[in-house]
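Visitor: Could you take me through the aromatic rings of this model and explain the words used for them?

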Amino acid sequence: MEFSLTDEQLALQGTARRFAVEEIAPVAAQYDQSGEFPRALIQKAWELGLSSTAIPEEFGGVGLSSVDTCILTEEVAWGCSGIATSVMCNDLGLMPIIISGTGDQRREWLIPCAEKFTLISFCLSEPEAGSDVAGLQLRAERDGDTYHLNGTKCWITNGGEADLYTVFATLDRSTRHQGICAFVIPADTPGLSRGKKEDKMGQRASDTRVIHFDGVRVPSSQRLGAEGEGFKIAMRTLDRTRPPIAALATGIARRALDESVNYARERKAFGNPIGTFQAVQFMLADMAKEIEAARLLTLQSAWMIDGGRRASKYSSFAKCFATDAAMRITTDAVQIFGGNGYTKDYPVEKLMRDAKLMQIYEGTNQIQRLVIARELLKT
Ligand code: CAA
């Protein structure tokens, strides 16, 4: 078992860390307040090779492993998790093409994304189908070689900014998961329109939208996999993208610990720095140990993916543990900062708001527990 990073991984980590410290962290509060989309920063991340990292080298991409992606994601998220979500979301949008596209489809869609800054969104969730993917209602009606899509997607990350969408729709809702198909759809396709931007509690720099499909015509050449394979493509995608979500949560948690340690050294109570009191020391110690455990679970699940193993259970372990830990750790950070922590003059209330989303998106932590339990009980 080897815990040390390679020279290449250390270099990648250094690039991501510098970008987070020098370019993201200084503007994170500003974007949190305005809710604007930091497009130039996301583009810079792409130029540095920190976004769309899953595109294989044979299609012009950087072809990072899952472990590499987790290493860089923790760093970017240290700077701001809203911005990190927008950076990461490209791999989520691209993954269905990477894992299920034919050679022609991968050349057609991946090469341009590797050559030119492009934003890609993953359109799975719907107003009445968040956790229950098999219950989705976006309708795909087949007419010869064309599908007509009608319906609505919601909570789509980068939805208002994307150039390309990977979209899941059903041929017949009564057939549940067996009727779902996956498609690649460019943003300028007639009938596709962007709806309301959500006014979120946290991660306000990421753009979260409703997307409408009103008679959107999609040629069958833009269908990924066979008819009815869309559900499994979505599940296999999420198996691969949950470890980076765990890494993102670890980045938030590490930032909360760093801020708390600095504050505990400086802030005085009863004539002494608050870090001299065991009540605060115990909170810091718990934060640090949970961060280490979260990182280990994350890298283990990523390592399984890189080894070609089915990682559903381990991806869910990592996602669930790291995001629950981030929630506890950021809540304790606010506690350590006391009254100051509850104001926007200090960075920890943002971390706590940002952490909450981690327990909800890419499958709620209740869904992660369901995935784990089903794997345990499988005969
Ligand atoms: N890999 C491959 N196949 C899988 C699979 C996986 N991980 N999981 C399930 N399957 C297969 C099953 O084996 C089964 O196959 P057969 O028909 O051949 O037997 C089929 O898929 C159906 O599986 P289930 O019976 O387990 O399906 P279910 O309806 O009970 O649902 C679920 C399972 C786990 C609840 C699923 O609906 C789920 O993961 N829900 C959460 C959705 C989610 O994570 N959404 C996140 C949206 S993206 C987002 O949030 C991103 C963002 O904004 C940044």
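Guide: Tyr 263, Phe 337 and Tyr 346 form one aromatic cluster. This is a predicted model, in which local features need pLDDT of at least 70, side-chain atom pairs count only at pLDDT 80 or more, and totals for chains, interfaces and linings use all residues. Residues are numbered from 1 along each chain as its sequence is written, and side-chain values use heavy atoms, with hydrogens and water left out.

Visitor: Why is the pair of Phe 122 and Phe 168 called edge-to-face?

Guide: The ring centres of Phe 122 and Phe 168 are 5.2 Å apart and their planes stand at 65°, so the pair is edge-to-face.

Visitor: What about Phe 270 and Phe 277?

Guide: Their centres lie 6.1 Å apart with the planes at 85°, so this pair, too, is edge-to-face.

Visitor: Why is Phe 270 called exposed?

Guide: Buried means under 20% relative accessible area, exposed over 50%, and partly exposed in between (1.4 Å probe, protein chains only). Phe 270 has a relative accessible area of 80%, and is therefore exposed, whereas Phe 277, with 28%, is partly exposed. Both Phe 122 and Phe 168, by contrast, are buried.

Definitions and conventions: Rings of Phe, Tyr and Trp (its six-membered ring) pair if their centres lie within 6.5 Å; planes under 30 degrees apart count as stacked, over 60 as edge-to-face and the rest as tilted.
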